[in-house]
Amino acid sequence: SSPSGLTHESHKKDVEQVYLRCSEGSIEWMYPTGALIVNLRPNTSPASYKHLTVCIKPFKDSAGANIYLEKTGELKLLVRDGDRSPSKVYCFGYDQGGLFIEATPQQDISRKITGFQYELMSKGIASDLHTVSASCRPCSDTEVLLAVCTSDFVIRGSIQDVTNEAEEQESIIHVGVNKLYRQKSKVFQLTGESGNWRGQIKTLLECGVKPGDGDFLFTGRMHFGEARLGCAPRFKDFQRMYKEAKDKGLNPCEIGPD
């Protein structure tokens, strides 16, 4: 969606409404003047709205407006114009309000574009992505087996390297893939002459991931086009728990763990 404020030059206080029906996407507001109200209206039943979390990730060069959370006329500042927090994601409950984007006074509007990506997801998934304890703690057997069925990606692989990004408070795990069970987006791809599958998975810096020997079962979610780590047991532990569950008829889905 790309509204432009230029056509509204004579009405500096204009407020425009935008309705978005997709569960993920982006907004780009060129030459912002006045204000924009962003109404997220996903194609799900209104009864499920209270279980949704909205996350927004401003574009790196987004400028020209403040982004507020608005509910019944009350504004709460979410992203201040000019805040330069690389890759920062802002999340709030769907029922906490909508987005109100107000242009800031500009001497020179020529190059200003306010923009961000947005995603709607269930509250449980959102909290797992953004809370340290959920991302770092080991998963129980049941959680691992469920993650295999419900994750956006499931791979057997090894940690080739770990890059820590202090500014973004994130670690990037460089993974060599031995077996690809599932991937929602093409994050893991064949590279180079050797024909090896490789990819990157992000997690929180506080989790302290280190390069290590052996194979792991990596599972997780796609979030703003990036793979985020979920449960990641050692592969031999996964094989054990999968076999035990299968013998009892308790594994929630088939995957063929060899």
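Trainee: What should I know about the model before reading any values?

Mentor: The model is predicted: local features need pLDDT of at least 70, side-chain atom pairs count only at pLDDT 80 or more, and totals for chains, interfaces and linings use all residues. Residues are numbered from 1 along each chain as its sequence is written, and side-chain values use heavy atoms, with hydrogens and water left out.

Trainee: How many helices and strands does the protein chain have?

Mentor: Helices (H or I, at least four residues) and strands (E, at least two) are DSSP runs, numbered from the N terminus. The protein chain has 4 helices and 15 strands.

Trainee: What share of the residues counts as buried?

Mentor: Buried means under 20% relative accessible area, exposed over 50%, and partly exposed in between (1.4 Å probe, protein chains only). Of the 258 residues in the protein chain, 40% are buried. Accessible areas come from the Shrake-Rupley method with a 1.4 Å probe, and for residues only the protein chains shown count as cover. The total for the protein chain is about 14,000 Å², and 50% of this belongs to carbon and sulfur atoms.

Trainee: Which contacts does the separation figure describe?

Mentor: Contact means heavy atoms within 4.5 Å. Among contacts in the protein chain with a separation of 6 or more, 65% are between residues 24 or more positions apart.

Trainee: How do I read a sheet, and in what order do the strands of the open sheet with E2 stand?

Mentor: Strands of a sheet pair through backbone hydrogen bonds, either parallel or antiparallel. Here, two strands pair if DSSP finds at least two bridges between them. The open sheet has 4 strands in the order E2-E9-E4-E7, with antiparallel pairing. Its edge strands are E2 and E7 (90-93), each pairing on one side only. From one strand to the next, the twist averages 25°. For such angles, axes are lines fitted to C-alpha atoms, for helices over the stretch in contact, and angles run from 0 to 180 degrees between N-to-C directions.

Trainee: How many bridges link E2 and E9?

Mentor: E2 and E9 (residues 113-122) pair in the antiparallel sense over 7 bridges. Isoleucine 27 has phenylalanine 116 in E9 as its bridge partner.

Trainee: Where is phenylalanine 224, and is it buried or exposed?

Mentor: Phenylalanine 224 is in the loop between E14 (216-223) and E15 (226-229). Phenylalanine 224 is buried because its relative accessibility is 8%. E14 and E15 form a hairpin with 2 residues between them, and phenylalanine 224 in the turn has a positive phi of about 50°. The two strands run antiparallel and are joined by 4 bridges, with arginine 221 opposite arginine 228 in E15.

Trainee: What else pairs with E14, and how covered is E14?

Mentor: E10 (residues 153-165) pairs with E14 in the antiparallel sense over 5 bridges, and phenylalanine 153 stands opposite glycine 220 in E14. As for cover, 7 of the 8 residues of E14 are buried.

Trainee: Which residues form the nonpolar patch on the surface?

Mentor: Patches are made of residues with over 30% relative accessible area and no salt bridge; like charges are joined within 9 Å, nonpolar side chains (Val, Leu, Ile, Met, Phe, Trp, Tyr) within 5 Å. A salt bridge is a side-chain nitrogen of Lys or Arg within 4 Å of a carboxyl oxygen of Asp or Glu. Leu180, Leu190 and Trp197 form the patch, with about 260 Å² of accessible area together. Leucine 180 belongs to E11 (residues 170-183).

Trainee: Where does arginine 234 lie, and what is in contact with arginine 234?

Mentor: Arginine 234 is in the loop between E15 and H4 (235-247). Leaving aside neighbours within four places in sequence, arginine 234 is in contact with Asp213, Gly214, Asp215, Phe216 and Leu217.
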